[in-house]
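Please look at the sequence and the structure before reading on.

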Amino acid sequence: MAPVSPTPAQQEFAQVTIQQTLIIKRRATAQKPLKWKEKKGPKCVALSQIAGAAVVTDDAIDLVTKSGDRLRARFSSNCPALDYYSGFYMKPTHDGRICSDRDVIRTRSGAQCEIDRFRKLVPKD
């Protein structure tokens with residue numbers, strides 16, 4: 001026996017309305033950007049511990065470690081190509097670390113900037 005199809009008079013229809021509301025609240029007070037104070041930093045940093053980096057000036061870059069520490073790598077002289085090309089390379093070393101007075105940052109244009117020292121950054125009070 002074949003299934004019986006409902007006639008148009010037997011079909012029921014329903015209307016469903018789905019409504020979503022997204023509320024975006026603006027903070028009453030804007031946060032001030034953090035100001036950093038430099039303190040004595042390590043001689044070397046394990047490349048495997050670097051989570052991110054940012055070009056801050058033509059004589060330094062900031063490194064963020066996986067543990068959340070922030071370090072500033074100061075160069076022995078200005079490195080203006082960093083800012084222009086917005087990027088750099090760190091070549092892996094035999095010991096897996098990047099060290100001051102030994103290693104360099106390579107810019108995308110091919111220039112090299114020698115790391116003079118690392119400074120630990122802490123928020124100013």
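A residue counts as buried when its relative accessible area is under 20%, as exposed when it is over 50%, and as partly exposed in between. Arginine 72, at 14% relative accessibility, is therefore buried. The model described here is predicted.

**Arginine 72 and aspartate 62**

- Arginine 72 and aspartate 62 form a salt bridge in which the closest N and O atoms are 2.6 Å apart.
- This pair connects distant parts of the chain, since arginine 72 belongs to strand β5 and aspartate 62 to strand β4 (residues 60-65), 10 residues apart.
- Aspartate 62 has a relative accessibility of 2%, so it counts as buried.

**Arginine 74 and glutamate 38**

- Arginine 74 and glutamate 38 are joined through their side chains by a salt bridge, with an N to O distance of 2.6 Å.
- Because arginine 74 is in strand β5 (residues 70-75) and glutamate 38 is in strand β1 (residues 36-40), the pair ties together parts that are 36 residues apart in sequence.
- Is arginine 74 buried or exposed? With 18% relative accessibility, arginine 74 counts as buried.
- Glutamate 38 has 25% relative accessibility and therefore counts as partly exposed.

**Arginine 117 and aspartate 116**

- A salt bridge also links the side chains of arginine 117 and aspartate 116, at 2.8 Å from N to O.
- Arginine 117 is partly exposed, with a relative accessibility of 37%.
- Aspartate 116 is partly exposed as well, and its relative accessibility is 27%.

**A loop residue with positive phi**

- Most residues other than glycine have a negative phi.
- Aspartate 101 is not a glycine, yet its phi is positive, at about 60 degrees.
- Where is aspartate 101 found? Aspartate 101 sits in the loop between β7 (97-99) and β8 (104-107).
- Aspartate 101 has 48% relative accessibility, so it counts as partly exposed.

Technical notes
Residues are numbered from 1 along each chain as its sequence is written. This is a predicted model: local features need pLDDT of at least 70, side-chain atom pairs count only at pLDDT 80 or more; totals for chains, interfaces and linings use all residues. Side-chain values use heavy atoms; hydrogens and water are left out. A salt bridge is a side-chain nitrogen of Lys or Arg within 4 Å of a carboxyl oxygen of Asp or Glu. Helices (H or I, at least four residues) and strands (E, at least two) are DSSP runs, numbered from the N terminus. Buried means under 20% relative accessible area, exposed over 50%, partly exposed in between (1.4 Å probe, protein chains only).
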